[in-house]
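Keep the viewer open and try each task before you read its solution.

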Amino acid sequence: MTLPLYGTASHSAGFCSDKARSVVRLRAVESSAERHAADFALARTSVEVVRAIEANWPSIFVVSDGSIDLPSTFDGRLVAVPLKFNYLGDGDVLGFDHSSRKFRTLFRRNSAHNSFLVTERCNNYCLMCSQPPKDVDDRWILSEIKESLPLIDPATRALTFTGGETLSDSEDFIAVLTECRDRLPTTAIQVLTNGRAFANSEIVDAWKDIGHPNLMAAIPVYASVDHVHDHVVQAKGAFDETMLGILKLKDRGQRVEIRVVLHALTAPIIEETGRWIARNLPFVDHVALMGLENTGFAIANDAMLWMDPVDYGDGLAKAVDHLSAAGVNVSVYNLPKCVLPKSVWSHALQSISDWKNGFVDECDRCDEKNSCSGFFTTGRPRFSRGVRAITSTRRELSPLAG
Amino acid sequence: MARFLAPEAFSAATEDLSLLPFNLERTGTNQYLVSNMVGDFIRLTEDELNRLVDLRIRPGDGLYEKAYAAHLVTGTNQKAQRQLLAARLRSRMSFLQQVTPLHIFVVTLRCEHSCPYCQVSRQSTDRSRFDMSEETAIRALDIAFASPAARIKIEFQGGEPLLNFPLIRTIVADAKARSGKKVDLVIASNLALLDDVVLEFCKANNILLSTSLDGPADLHNKNRPRPGGNSHELAVAGIRRGREILGPDRVGALMTTTEASLERVDDIIDEYLQLGLDGIFLRPLSPFGFAIKTKQFAKYDAQKWLAFYERGLRRVLEINRQGTPFREFYAALLLTRMLSDRPIGYVDLRSPAGAGLGALVYNYDGSVFASDEGRMLAETGDDAFRLGHVDHDSYNSLILSDKLIGAISSSLTQCAPECSTCVYESHCGADPVYHHATQDDALGIKPLSAFCARQKGIMGLLLDILEKSPEDAAILRRWAAS
């Protein structure tokens, strides 16, 4: 199932009009943590609402499909959202638009998969983009992130920044990362970027100066040849800039992950791409070979992009071999074990974010379900013909489909 | 939604192409082996090579993709292809950052063995004349500690260094008392004189032992005579005892190939295997010292040696296929250069040469040489690589001496005839001492050089196995990985 991360509040009151948006943090009614101006008591029943008022909460966030009875004496801020947002809990952070009452869940404290969308603008236009770019002025998003950072639990283990191209406004974004260094020094910060901005030495130097102890740039490289990569990302000259960016980051000792999304343009050459990365870029910190998320542009370009993973399993296994042999840390993302050659199982991770991760009925009979990536629930999921429960009896049979 | 563009739309950026540097060699009718600037190999047909050189290639024709991925071409306005080559070349050459990491102390030239192939021309008598003095040793340490490397290795050589064990003790104590460098210690010994006192000392000071083992008893004892005819027995006992006391990875053994070895490579390898050693270094005889005087060196040529090497390598691979990890160390060094960009400063596989920049040798009499082979030459009257003396010279005066600069700068493979255009150049090395010894010329005429013939022969063999034998190739790749 897919967790709804966006929605519209059924009711709101008490927000001032000189500001279009607010960042809201939810707190348990009985929370004794120091109260921040952005904190709202989280109430699911009328009883909890009453307790929140008794506890002098000036702001209340209600998750309920029923009507809310508030004493007329309450003059604080109020937001009410439908029950389908019941997953919200203590420490979660939301962005709330006053006039439209639209909100987005920005941070879930209990999730290992928190990511901030930084912008929808991008200088690539990837054929399979799951988050199709929009050429709009959305700089307010960065302001909202800045406002959110002080509200995030410093014990958070990992945080991802995604886009769009996260470095579209590099100066402002690097300022956000610098704040992460100060507020979230023990959090692993991952930034998804096409890396082209790092062809500019000033930007790489600024990135280096952030000095966050655990910062990684995750950069896609789709081929060993310029025009193949440029076609996939629909941007002439992108390969040259991305490669330069990777070299400049590593030259300054920065951590880099290379990401290869596998589809009909990249998967048939994945062995060669893997061999080439192993030979030319063995100094990168991680390589992720990633199954396609069939959403966004990937749906529009389905005829061009769809390739059943069982048809590229051999090449994928060889790519993993080449990379491992060169000492490169390599993982396979987003592909269930049943469609992968057994030799890459140990590299296959449960990489799909919890809010869009699901399984099919067949998985209930599978011995490997607990350590399997499962599937994306977003967009229009396409299933490999290799999807089949792995059981102790089946494991002894010859490898399926091939 | 904007329209997506077809693949052809992205070819235009690469219409203006430039060639990047590469070397090539004809390997058969219509077949060429091509290597890029950092030694990645690809095979091209004659037609492909001609199209490449004329830049008659276009995205989508298959050759463009092959050539681009191999860094043979770049878009003229692109930067990444060149920057990537630069980064990789810098990594490959970064062994140069560790200047003079090896310091060899010849603590005595005396030896109780009388090997006819002895490359250092050992002496049997006269302790006062052929032992290094304490004063000489301390001055040599002053020089070693003046070298820029943060970590140095001090290797005790002979003769048989254990014949002057008290001086080894003195040098180790003195080196440990000095600050500023991490020091690794090695004793190169035939182990005939190894006893518990020496072993305890090695253990206490974390000293590695390196010894000679030429093969089974009959072969070893024929190559390495000593009173009692028990060289093999003592070496094997020493290796066992040393591994037991110091640890299995703290004793290494090296073999030297003589004419008598040529038909015995399987026996030699089995000897190493039975001793539980994790590999063997198949080494040819060097043209120095007694090896020349006794005409040992002249007894086999490069082709015979290569045949020996190939039989040996294939036997080693067979052992691996049967499940026992066991390496041929020279192949492992070459493969590391061929399959990775890790800097390998191994003396035969580097240019600028390792003479002086890789090692200095302090002879028993205080003379300082640019390499172990350099002092071997001096014992037979050739002072070409004698850089100076510990009494009159400093580290700087030795390393900046005209002799050393001349030998290194005149032997660079990057600009030497035959070498600079050789398809194997990236992985090979300059060996000015060898070429001086055999051709009286630090540069040397490479088609006449057995060094060149061996290097090309072994690299050709390794490439052949990598391309044609997947199972063996997987074993070879593992050797390069660590």
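**Exercise 1. Into which domains is chain B divided, and how do domain 2 and domain 3 of chain B meet?**

Solution. Chain B is split into domain 1 (14–93), domain 2 (95–399) and domain 3 (409–468), with bounds from an automatic or database domain assignment. Before going on, note that this is a predicted model: local features need pLDDT of at least 70, side-chain atom pairs count only at pLDDT 80 or more, and totals for chains, interfaces and linings use all residues. Residues are numbered from 1 along each chain as its sequence is written, while chains are lettered from A and ligands numbered from 1 in the order in which they are written.

Step 1: the C-alpha centres of domain 2 and domain 3 of chain B are 23 Å apart.
Step 2: domain 2 of chain B gives 28 residues to the contact and domain 3 of chain B gives 23; two residues are in contact if their C-beta atoms, placed from the backbone, lie within 7 Å.
Step 3: on the domain 2 side, α12 (302–321), α13 (329–339) and α14 (372–379) of chain B each supply at least two residues. Helices (H or I, at least four residues) and strands (E, at least two) are DSSP runs, numbered from the N terminus.
Step 4: the largest share of that side, six residues, belongs to α12(B).

**Exercise 2. Which residues of α16(B) are buried, and which exposed residues are on the face turned away?**

Solution. Step 1: in helix α16 (residues 402–409) of chain B, the buried residues are B:L404, B:A407 and B:I408. Buried means 20 or more other C-beta atoms within 10 Å of the residue's own, exposed means 12 or fewer, and partly exposed is in between; C-beta atoms are placed from the backbone.
Step 1: the face turned away from the buried side carries the exposed residues B:D402 and B:I405.
Step 2: the cover over the buried residues of α16(B) includes β15 (386–389), α15 (395–399) and α17 (432–439) of chain B.

**Exercise 3. How many residues of chain A are in contact with chain B, and which helices of chain A take part?**

Solution. Step 1: 25 residues of chain A are in contact with 25 residues of chain B.
Step 1: the helices of chain A that each supply at least two residues include α5 (226–233), α6 (238–251) and α7 (270–280).
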